[in-house]
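Here is a short briefing on charged side-chain pairs. Please keep the structure open as you read.

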Amino acid sequence: DKKSLAILYSLIGIYYMHRGRPLDAITYSEIGFGQSQNIQDIELMAPIARGLCISYVAVGEFRKTIDVAPKIIDLLENTQRESDFFGAPFNTYSSLCAYYGLSLAMLGNFDKGTVYFEKGLRIISAINHLASLGVAEMTYGLSFVAKGDGINAIKHFQKSIRHSEEGRTLLISGVTWSGLGSGYYYLGDLEAARKHMEKGLDITTHGGSEWWISFHYLYLSKIHFDLGDPENSRSFIEEALKLSQKNSEKHLEGASWIWLGRILGKTDPSQSDKAEECILKGIKMLDEMDIKPWCSEGYLCLGELYADTGKREKALENLKKAEGMFQEMGMDYWLARTQEVMRRL
């Protein structure tokens, strides 16, 4: 029974994703999706593609999401089946639009990502399916976290929390609460950021899912550093690094290397060489994955490190590179931070 077997492979993939084994999740999901393509049955292809894209997002393989999602989105539009659930607990079309939109954002194409977020929301808002609205708004919020846009991040995470609570969907609420915390971080409200981030981590820890768990520790590290608590900041970033490596979240590992380097450079001048090594390692990982928003943050951190250690030419080279990337992607928060460091030079 090839049809049932394809479904089973996909379900095993989703299980592994939530257990912090995304590479196994991808292996099983890809087998299931391949079998559904051989059968050419939209009833299989659509929901299995959704599970496969979740697995790709989990490990930061956003380029692979872009290979899969738009084909199934087009298929659903052409057959006018955008409103179908295909037996899944979430609307397939809106979920695929959300994962595609987030993947575009993480690769630096925020404007095109917004188009797909809005397409998915139009369909699911008409149906008013609360669980699907919660997922769509949560994912939309993550795209604004990648951009450094705290106002819009908070707006979408608050909507996600409201929809999830009304629909009694707790699966995603840990990431949503922490996402809300990251939004407050970008607005400079550090106490609100810490409170919401801690709540998100607590929900995630007790819920048993390890999906993007290192995300919570990464932002707790940033928050505690700005609160003037470098000791806890370093402890959190080391935990983020450990968990991202354990769970094969290379995008979050790259971001964690960069932030560890920044902490070392700011707190211990004697470790400037180690700080440079960490930041360069993070940039290399993110560059290989084409994750431009976080990669550009790496160039800012590297330029700031060189500025702090008196290497003016190297500082300007990296800061100008970061400035150009932020301007191109419309990342105004990070652009302002870059230009502030450049003014100090």
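The points below cover salt bridges and the exposure of the residues that form them.

The model is predicted. It holds 18 salt bridges.

**Arg21 and Asp24**
- The side chains of Arg21 and Asp24 form a salt bridge, with an N to O distance of 2.9 Å.
- Arg21 is partly exposed, at 42% relative accessible area.
- Asp24 is also partly exposed, with a value of 28%.

**Glu239 and Lys242**
- A salt bridge joins Glu239 to Lys242, and their closest N and O atoms are 3.3 Å apart.
- Both residues belong to helix α12, which spans residues 230-246.
- Glu239 and Lys242 are 3 residues apart there, about one turn of the helix.
- Glu239 has a relative accessibility of 24%, so this residue counts as partly exposed.
- Lys242 is partly exposed too, at 48%.

**Arg312 and Glu313**
- Arg312 pairs with Glu313 in a salt bridge, with 3.8 Å between the closest N and O atoms.
- That distance of 3.8 Å falls within the 4 Å cut-off for a salt bridge.
- Arg312 is partly exposed, with a relative accessible area of 43%.
- Glu313 is exposed, at 57%, because exposed means over 50%.

**Network**
- Salt bridges also link residues into a network: Arg262, Lys266, Glu304, Asp308, Glu340 and Arg344.

**Background**
- Oppositely charged side chains can pair when their charged atoms come close.

Terms used: Residues numbered from 1 in each chain as written. Predicted model: local features only at pLDDT ≥ 70, side-chain atom pairs only at ≥ 80, totals over all residues. Heavy atoms only, no water. Buried < 20%, exposed > 50% of the residue type's maximum accessible area, 1.4 Å probe, protein only. Helix = DSSP H or I, 4+ residues; strand = E, 2+ residues; numbered from the N terminus.
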